[in-house]
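Work through the following exercises with the model open beside the text, and try each task before reading its solution.

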Amino acid sequence: MSAEVKAQNQQVIKNVEMRQIIKRFPGVLANNRVCFDVHAGEVHALLGENGAGKSTLMRQLYGLYKPDEGEIIIDGKPVVFHSPADAIRAGIGMIHQHFMLVPTLTVAENVILGLKSAREPLLDLATVSRKINELSASYGLKIDPSACVWQLSVGEQQRVEIIKALYRGASLIILDEPTAVLTPQEVKDLFATLKHMVREGHSLVFISHKLHEVMEISDRVTVLRDGQVIGTHLTKEMTRNDLVKMMVGREMKSLSPQPISTGPVRLKIDNLHTLGDRGTEMLRGLNLEIHGGEIVGLAGVSGNGQRELAECLSGLRKVTAGQIELDQSDITSIPLKNRVQSGLSYIPEERMRDGAIREFSVQENLFLQDHASPQFTRGIFLDFRRMEIFAAKMIKDFTVKTPSLDTPVKNLSGGNIQKLILARELARQPKVLIAAQPTRGVDIGATEYIHERLLSQRDAGTAILLISEDLDEICTLSDRIAIIYEGNIMGIVDRNTATVEQIGLMMAGIPMDEAVQRTT
Ligand code: ADP
Ligand code: MG
């Protein structure tokens, strides 16, 4: 790294220590006497389930929140940050989960946005661009300073955020779930950059809930659960299982994912076209067949037509050309209610918008589409007693935690709402199930349970389309994996023979043959 770039670093932090941090939000103890420290030249992973308190802890280190109690100590001196500006001055940077760039400005403009440095009264863009080029060369962060941010891929935008932090002289950089939005190739590039930064003496906090990433990139790992530190260890002394146990508080069951047998095609998607919300074509002649007794995982970078496909299949979006067949009957233009009657179930991505009604009770939500089915009617009347018994059984079978059947759904946690929708959708014994992001935002315990139910539904002969941004989930559950790219299926691979690298290349638009060639 050039001396000039290095000279920008205000200081090199040797050690940061957070002591006995307590942070409360209304009704939640988000951090409960948390102790956490980071040394120069290490990657310290902060691992925990959704809601464990990871982001909250790091937002305090970055000056976004003030601890209710506890101390932050940098190189032996207690500090109090009133805002991120204070943290940045102390040498701390943070890359958020959602980027904070202005799309209409260039990379260089974004990098200096908000900088009022006395050292640089005139923000000469040529100089800025030169410095960005130096940083990008020395850290392997490929980026064009004159490109507009809206033209950049998500991975490139993340690089801009990292450069922004480096430009401000950050010595310790916090990355909040940085891989959630990346393709496997981009993750590889990011990890290479992170290793580079560590070699240059930076310290990194890597927030994640993905075990294999933590195992790969971190030197130490701290596990948070329910706002408390469960332990801090050298990563190399931990197994995946140790970490899961710490995260979840118990052993996980292992799934047995081999299918029993696959039957004939139950869902046939033929030359499907549809428009997205902005009127551009989002599906461009997509073909896919799913057999009874198999799970086909749809892998892809979000925004390549996954959402539109799910909506076309469920009848929420209009098909502009092509056909959808369920057990050989054409369902292309019939409404969701009738699709349900023909044997289609749908677990929507937007569960509060498309899957449940917030104000309705648990029981009402369980019967959203089924209330007129014959098993619950007596003459022209609904048989409430039978409905109640049935609802109680579903709640019990699917381990939905709710105070009562009359509780409004909005009072349940995300995982419990998802289990409720799953209970309703699987109770019909569907011929075809479309599961869109079924475990997003759901804790590990509920995720494991949802996975088990999907596998047993598959073994009962349902054809399942699993749409997920979580490639691990896709690889764990799917019998075949279809890769979607720009509204078409790039190829379909077998779970037993494909590699994550191949799938990743195809997610980036590389045709299957080439992807196979490049990785063998
Ligand atoms: P993680 O990053 O580990 O997923 P968070 O730190 O975001 O977890 O959240 C920890 C807990 O604090 C959660 O219960 C969350 O709902 C709550 N929480 C986080 N931020 C706020 C906030 N700004 N206001 C109220 N509650 C919050
Ligand atoms: Mg978080």
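**Exercise 1.** Into which domains is the chain divided?

*Solution.* The chain is divided into domain 1 (3–100 + 171–248) and domain 2 (265–358 + 411–518), with bounds that come from an automatic or database domain assignment. This is a predicted model, in which local features need pLDDT of at least 70 and side-chain atom pairs count only at pLDDT 80 or more, whereas totals for chains, interfaces and linings use all residues. Residues are numbered from 1 along each chain as its sequence is written, chains are lettered from A and ligands numbered from 1 in the order in which they are written, and side-chain values use heavy atoms, with hydrogens and water left out.

**Exercise 2.** Describe the interface of domain 1 and domain 2.

*Solution.* Begin with the separation: the C-alpha centres of the two domains lie 34 Å apart. Next, count the contacts (heavy atoms within 4.5 Å), which join nine residues of domain 1 to 13 residues of domain 2. The buried area, meaning the accessible area (1.4 Å probe) that two parts lose on being put together, summed over both, is about 880 Å², and carbon and sulfur atoms give 63% of that area. Then turn to the elements: α7 (184–199) and α9 (240–248) are those that give two or more residues to the side of domain 1 that touches domain 2, helices being DSSP runs (H or I, at least four residues) and strands likewise (E, at least two), numbered from the N terminus. The largest share of this side, three residues, comes from α7.

**Exercise 3.** Which residues are around ligand 1?

*Solution.* Taking residues with a heavy atom within 4 Å of the ligand, the list includes Phe25, Val28, Gly53, Lys54, Thr56 and Tyr65. For individual atom pairs, an oxygen atom of ligand 1 is 2.9 Å from a polar backbone atom of Gly53. A polar side-chain atom of Lys54 also lies 2.9 Å from an oxygen atom of ligand 1, while for an N or O atom in the side chain of Thr56 the distance to a ligand oxygen is 2.5 Å.

**Exercise 4.** Which residue forms a salt bridge with Arg24?

*Solution.* Apply the rule of a side-chain nitrogen of Lys or Arg within 4 Å of a carboxyl oxygen of Asp or Glu; the partner is Glu69, with the closest N and O atoms 4.0 Å apart. Because Glu69 lies in strand β4 (residues 69–74) and Arg24 in strand β1 (residues 15–25), the pair ties together parts that are 45 residues apart in sequence.

Notes:
Polar contact = N/O pair within 3.5 Å; in protein donor to acceptor, adjacent residues only side chain to side chain.
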